[in-house]
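Thanks for coming. I will go through a few local features of one model, and you can follow along on the screen.

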Amino acid sequence: WPMAPPMTHIGPTLSVDRPAVEVPAEAGVIADTYGGRVHVEWDPSAAVTPLGQLPFFTEFLKQSGLFDAWVADSPLRFVSPNAPRKRDVLRTVLLGVLAGCWRYAHLTALRGDGVNPPLLGMTKVVSEDAVRRGLKTMRGVAGDDWMRRHLVHCVRPLLGEPWILDVDTTVKPLYGRQEGAEVGYNPHKQGRPSHSLHTYLMANVRLVLDVEVRSGKEHASKHSQEGLWRLLASIGRENWPSLVRGDTNFGTEPVMMRCEQEGLPYLFRLRLTAKVKRELGRAMSTSDWMEAGHGWQGQQTQLRLHGWGRSRRVILLRRRLRGSVAVTDRRGGSHQLALSFAEVETGQELWEYGALVTSLTEEIVTFGQLYRDRGDCENAFDELKNQWGWGGFTTRDLGRCRLMARIVALAYNWWTLFGRLADPDHHREAITRRPLMMHAIARRTEHAGRTTLTITSTHGDHDEARTAYRRIAAFFATLRSTAEQLKPIDRLYRILSEAMKKFLRGRQ
């Protein structure tokens, strides 16, 4: 169709598309709820925080001197005059880990906190990009040495007591093209690239002494040896553990031979090779089994397996299975679980069995419980990966992944020690303790030179948290009264004596 000629308007032009009415940003809105209409307003400048009970943890860091020493020793350096302060970057990372963040993007949720940054000595919560850039300047030998020193520093006073070192490796699945993302041992997600985390823990108190992040293929114990002996060299021979303990990954000739050369007692689980099974079969027909606790029976023997340079003491363990037994099968890559039931005829018995290799000379009855206690490090792995940040904070380069794994472990250690001040007899996991002991709404008010935090907790057990914090506040008040006469390391000794009463059995 031919186009119509343009129309000529006489008089004012009327616009058909009227601009929407702009509502001032500070104006409220109405929400129609089941309880009636409510007026909703925003106040972005209010001094409030969802982490209202964090000031008590801040005093723990200040009194112990842990955070100040960590910041002062940091190799973080910025060249630009507009760069953020070193303290702001490190405190932002720590605050994010404590708040439960596991990705760098989650740090943005902390930037509106109007209470905690000043109490933490910060001028502001920096952006996620500033954190990434700051960590990039520290990756390498200087950053690794810095974090190793402070992971040991927070527990060094405890190393003079008898303790056990648990060594183990866990897997961190990856979903990108990160450095070191290789397909290795991954029992839960086979074929998935991963990193392997070689970890050294202080047994039964869930404190991490060091963690190394390596490629997914470097999961064997030979890749843990360097870190293990570097850690032991750093703490000094007088502070060495009474025992080093590990699973089948560490029951190998190189590890045991080095322990024997250094005079370090060990207890490792053995793989059930053909020779170990033959020895178990021979022992099953004998009657000289001894009680090893929790239904287990033990018997000792001397074995020299293939690749060993000498015979070693081996503890054979067995436990009778009672009741009905079910067998599951997921072979063939199927997600469908196949379930079958094992029928045990009259006169037949089912047994669970295992084998331990050790340089200890103690009675057999001690070994069952001694190795079962190693399972507590699996609980620490589960907590660090699923409730803290070991499952996230992933970058393309391996250096920052390794640095963040150690920062998460350090924050975990600090929070564990702080939690022990509230409950010295138990370790409380973050999934239940963080909502109770940290998350609460707090509003800051100032009047006549006095700053007041009014805390409102929505947790059902908020009375328990209030009682615990009153006890912690009383302890810190006593510590403050003598703080001028004490050095930071002396205050740390006082705090550890209070927090680790159960481990120290009441000793100072």
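Start with Val29, which is found in strand β1, residues 29–33; strands (E, at least two residues) and helices (H or I, at least four) are DSSP runs numbered from the N terminus. This is a predicted model, where local features need pLDDT of at least 70, side-chain atom pairs count only at pLDDT 80 or more, and totals for chains, interfaces and linings use all residues. Residues are numbered from 1 along each chain as its sequence is written, and side-chain values use heavy atoms, with hydrogens and water left out.

Val29 has a relative accessible area of 39%, so it is partly exposed; buried means under 20%, exposed over 50%, and partly exposed in between, with a 1.4 Å probe and protein chains only.

Now the inside. The largest nonpolar core has 119 residues, and Phe60, Trp70 and Trp414 touch the most other members. Helix α12, residues 398–422, gives the most to this core, with 16 residues. A core here is a set of buried Ala, Val, Leu, Ile, Met, Phe, Trp, Tyr and Cys residues joined through side-chain atoms within 4.5 Å.

Last, the backbone. Most residues other than glycine have a negative phi. Phe393 is not a glycine, yet has a positive phi of about 50 degrees. Phe393 lies in the loop between α11 (376–386) and α12, and counts as buried because its relative accessibility is 3%. Ala448, also not a glycine, has a positive phi of about 55 degrees. Ala448 sits in the loop between β15 (441–447) and β16 (450–456), and counts as exposed, at 75% relative accessibility.
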